[in-house]
Amino acid sequence: SSSSIITGLGKKVPDNVMTNKDLEEIVDTTDEWITQRTGIKERRIADEDTSSSDLAYEASLEALEEADLSPEDLEMIILATATPDMLFPATACLLQERLGADNAGAFDLEAGCSGFVYGLGVADQFIRAGNYENILVVGAETLSKLVDWDDRSTCVLFGDGAGAAVVQPSSEAGILSTVMGSDGSGGDSLCVPAGGSLHPASQKTVENKLHYIKMEGNQVFKFAVKKMGAASVEVLDKAGYTPADVDFFVPHQANTRIIDAAAKRLDLDMDSVIVNLPLYGNTSSASVPIALKEAVEENRIKPGDLIVLVAFGAGLTWASAAVRW
Ligand code: ACO
C-alpha cells in the first residue's frame, strides 16, 4: 500500500477587507485590544450572495489546476465546514455539481476548525487502503454569517475563506502520519445551539440569539494550547521524529497568543511557525490550508521539508499531520 501526498493546493478569500478600525464602528472595541489579545489586524468578509460553497469552488479549481487534474478524475470530495450552505444537502455535493466532478462521491466533515486536517487524515486512510487515487479535501467557511455582530467577544475573531488540497498516492514520502482526537465534554464551550434537531428554529430561538456562535473563550484557549502541543508531539512520534526535527509548523490560526504558547511548549523557534492570522483572522477549517498554500507560494516551505499541520476546534476536536513536503 502506498502513502499519500498533496499534489495541488488552492485558496480563496473574499475581496472585502474588514479592519479592526472598521470594527470599532460596529462594537465597543479597539484596534489595540484586538491586536494585543488576538494578533488579528484584519479579516475578509464574504458579501451577502457568497456562501461557503462559492469559496470552496474557487479554492478547488486552483488546487485541481496545480495538480493537473480535471474534475472528472476526482473519486472523492471531502469538504470540512462548520458553516455549510444548508443543514443538508452536504455542501460537498453542491461543490461536486459545480465542479462537474461526475465520478466523485462527496460528503461533509464536521470537526470545527480541525476539519481540514481531519479530512487529510481520512483521505490518507482511503489512499493507504488502496481504493482511491484522486481525492479533493477542502476547508471552506463563512463564519461571518453565524457571528453575532453585537457580541464583541466573538465577532472580532473570525473571517471567511477556503483552502483546498488534491491528495494522491505516492511511492515516496508525503503524509507520514496523522492524529484525530476529540473531547465532547467541551462541546458547550464552542457551539451554535439552535437550528438543529435539539433546538429547532423557532421565534424563541431567534429572540434568544441561539443561531449565533457562542464561545467560552478562556476554556477554548487553555484546551487549544494543551492540545496543539500534545497533538504535534504525538503525530511526530508516530513518524519517528521529535519537534526539533521539524522545518515548519502550520498551526490553526485562531490567536497569536495560542500559537506562541504552543510553540513555547514545544521549544520552537518562531521562524519555523507559519502565521498569517493578522491578515485573515480565524477562518476555522480554512486556516491551515490557506496558511500552507501561502507558505509554499512564498517559497518558505520547500520540497524535502518536514512539516506539521496542527489544529483544534469545536467538538472539541484536535488533529495533526506530519508531512514530508
Ligand atoms: N474589545 C474590547 N474588549 C473586549 C473584547 C473586544 N473585542 N472582547 C472582550 N473584551 C473584554 C471582556 O469583556 C473582558 O472585560 P472584563 O475584564 O471587564 O470582563 C476583557 O476584555 C477580557 O476578556 P477575556 O475573555 O478574559 O480576554 P482573553 O484574554 O481571554 O481573550 C479571546 C479573549 C481572544 C476570545 C481568547 O480567550 C481566545 O482567543 N480564546 C480562544 C478562542 C478560539 O480560538 N476560538 C476558536 C476556536 S476554533 C473553532 O472551531 C471556531
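1. Domain bounds, as used here, come from an automatic or database domain assignment. On that basis the chain, a predicted model, is divided into domain 1 (3–172) and domain 2 (177–324). The C-alpha centres of domain 1 and domain 2 are 14 Å apart.

2. The contact between the domains involves 43 residues of domain 1 and 41 residues of domain 2. On the domain 1 side, two or more residues each come from strand 1 (3–12), strand 3 (42–44), helix 5 (115–128), strand 6 (135–142), helix 6 (152–155) and strand 7 (160–170). Helix 5 gives the most to this side, with 7 residues. By residue class, the side of domain 1 that touches domain 2 has 20 nonpolar, 14 polar and 9 charged residues.

3. An unreviewed UniProt entry places the feature "active site" at Cys113, His252 and Asn282. These positions span 170 residues in sequence, yet no two of their C-alpha atoms are more than 8.8 Å apart, so they gather at one spot.

4. Cys113 is found in the loop between strand 5 (105–109) and helix 5. Is Cys113 buried or exposed? With 34 other C-beta atoms within 10 Å, Cys113 is buried, because the threshold for a buried residue is 20 or more. Leaving aside residues up to four places away in sequence, Cys113 touches residues including His252, Ala254, Ser284, Ser285 and Gly313.

5. His252 occupies the loop between strand 11 and helix 9 (256–265). His252 is buried, with 30 other C-beta atoms within 10 Å. Beyond residues up to four places away in sequence, its contacts include Cys113, Ser287, Val288 and Val310.

6. In strand 11 (residues 248–251), Phe248 and Val250 point one way and Phe249 and Pro251 the other way, and all are buried. Strand 11 pairs with strand 12 (residues 306–313) in the parallel sense, over 4 bridges. Within this pairing, Val250 stands opposite Leu309 in strand 12.

7. Two cis peptide bonds deserve attention. One joins Phe88 and Pro89, with omega about 5 degrees; Pro89 lies in the loop between strand 4 (76–80) and helix 4 (91–99). Another joins Gly315 and Leu316, with omega about -10 degrees; Leu316 is found in the loop between strand 12 and strand 13 (317–324).

8. Lys209 has a phi of about 60 degrees although it is not a glycine, and Lys209 sits in the loop between helix 7 (203–207) and strand 10 (214–215). Lys209 counts as partly exposed, with 13 C-beta neighbours inside 10 Å. Asn299 has a positive phi of about 65 degrees and is likewise not a glycine. Asn299 belongs to the loop between helix 11 (287–297) and strand 12, and Asn299 is exposed, with 7 other C-beta atoms within 10 Å.

Note on methods:
Residues numbered from 1 in each chain as written. Predicted model: local features only at pLDDT ≥ 70, side-chain atom pairs only at ≥ 80, totals over all residues. Contact = placed C-beta atoms within 7 Å. Nonpolar A, V, L, I, M, F, W, Y, C, P; charged D, E, K, R; others polar. Buried ≥ 20, exposed ≤ 12 C-beta atoms within 10 Å, placed from the backbone. Pairing = 2+ DSSP bridges. UniProt positions renumbered as here; feature names shortened; annotations may be inferred.
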